[in-house]
Amino acid sequence: MPTSAYHRFAMLTLATRDEPGMSVSTLELVHGQKRYTVETLPEIMAQNTGSSVFFVMGADSWGDITTWREWEKVLLMTNHIVVTRPGYEIDFDHVSDEVRERIVDLRKNRELNISNDPPKIYITDAVKLDVSATGIREDVGEDNRLDRQEDVPQEVAKYIEKYELYR
C-alpha cells in the first residue's frame, strides 16, 4: 500500500533537516491530487529562479524512467542526479541519444563541472549504501518494526514505527 504524500513529505523533511541548501517541496501536498513529475518540475524551477535545481533519483527509478509520463521532457528540463547502489548495474541503452549525450558519469571522473546549459544527468556512486525504499518497506513487515534502522536516519525510523507505515 503506498504511503500518503503527507508521510513521504514528513520523512523527507526529517531526513534532510540538517542539510544546508536542501529543501523539500510542498507543491504536491498543496495541489492535493495525483501529479506527475513533468507537471511539478516546472513549478519548482519557477519558484527557484537563480538557483540550480537538481532532481535526485535512485538507480531503480532510472531503470524505469521510460515508463514515466513525458519522461524525455523530464530528463531534458533540469539537472538530474542518479544515485547508484552497490551491486546494482546501471544501464543507458533504454534512453534516447539526446538524453544519453547529457549523461556525465561521475563514477569514472570525480571532477564535477556543473552546467545548466544544457542540463546534465549526473551518475554517481557517492552514496555507498545498498538501500532502497522497497527494501525498507519489506523490512518493516508484519511486526511494524524497522529491523535495519541504520538504513534510514533515526528520526525517520521512529516516524515509520510511530505511524505504523509499511505494514
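Me: Is Glu155 buried, partly exposed or exposed?
Reply: Glu155 is partly exposed, with a relative accessible area of 31%, where buried means under 20% relative accessible area, exposed means over 50%, and partly exposed lies in between, using a 1.4 Å probe and protein chains only. Please keep in mind that this is a predicted model, in which local features need a pLDDT of at least 70, side-chain atom pairs count only at pLDDT 80 or more, and totals for chains, interfaces and linings use all residues. Residues are numbered from 1 along each chain as its sequence is written, and side-chain values use heavy atoms, with hydrogens and water left out.

Me: ok, and which residue does the side chain of Glu155 meet in a salt bridge?
Reply: The side chain of Glu155 meets that of Lys158, at 3.6 Å from N to O, and a salt bridge here is a side-chain nitrogen of Lys or Arg within 4 Å of a carboxyl oxygen of Asp or Glu. Lys158 is partly exposed as well, with a relative accessible area of 45%.

Me: where do Glu155 and Lys158 sit?
Reply: Both are in helix α8, residues 154–162, and because they are three residues apart there, about one helical turn separates them. Helices (H or I, at least four residues) and strands (E, at least two) are DSSP runs, numbered from the N terminus.

Me: why can side chains pair up like that?
Reply: In general, side chains of opposite charge can pair when their charged atoms come close.

Me: how many salt bridges does the structure hold?
Reply: The structure holds five salt bridges. One of them joins the side chains of Asp97 and Arg100, at 2.4 Å from N to O, and these two residues lie three residues apart in helix α6, residues 97–100, which is about one turn of the helix. Arg100 is partly exposed, at a relative accessible area of 31%.

Me: and which residue pairs with Asp105?
Reply: Asp105 forms a salt bridge with Arg107, with 2.8 Å from N to O. Asp105 counts as buried at 14% relative accessibility, whereas Arg107 is partly exposed, with a relative accessible area of 28%.

Me: switching to the backbone, what is the phi of Glu70?
Reply: The phi of Glu70 is near 50°, which is a positive value in a residue other than glycine. Most residues other than glycine have a negative phi. Glu70 is found in the loop between α4 (59–63) and α5 (71–77), and at 44% relative accessibility Glu70 counts as partly exposed.

Me: what about Glu164, and where is that residue?
Reply: Glu164 also is not a glycine, yet has a positive phi of about 50°, and its place is in the segment after α8. With 41% relative accessibility, Glu164 counts as partly exposed.

Me: which helix has the lowest confidence?
Reply: Confidence is lowest in helix α7, residues 133–140, at a mean of 64, and highest in α5, at 95. The protein averages a pLDDT of 83, and 79% of the residues score at least 70, pLDDT being the predictor's confidence in each residue, from 0 to 100.

Me: last one, how many helices and strands are there?
Reply: The secondary structure comes to eight helices and four strands, and from the N terminus on the elements run α-α-α-β-α-α-β-α-β-β-α-α. Of the 167 residues of the protein, 35% count as buried.
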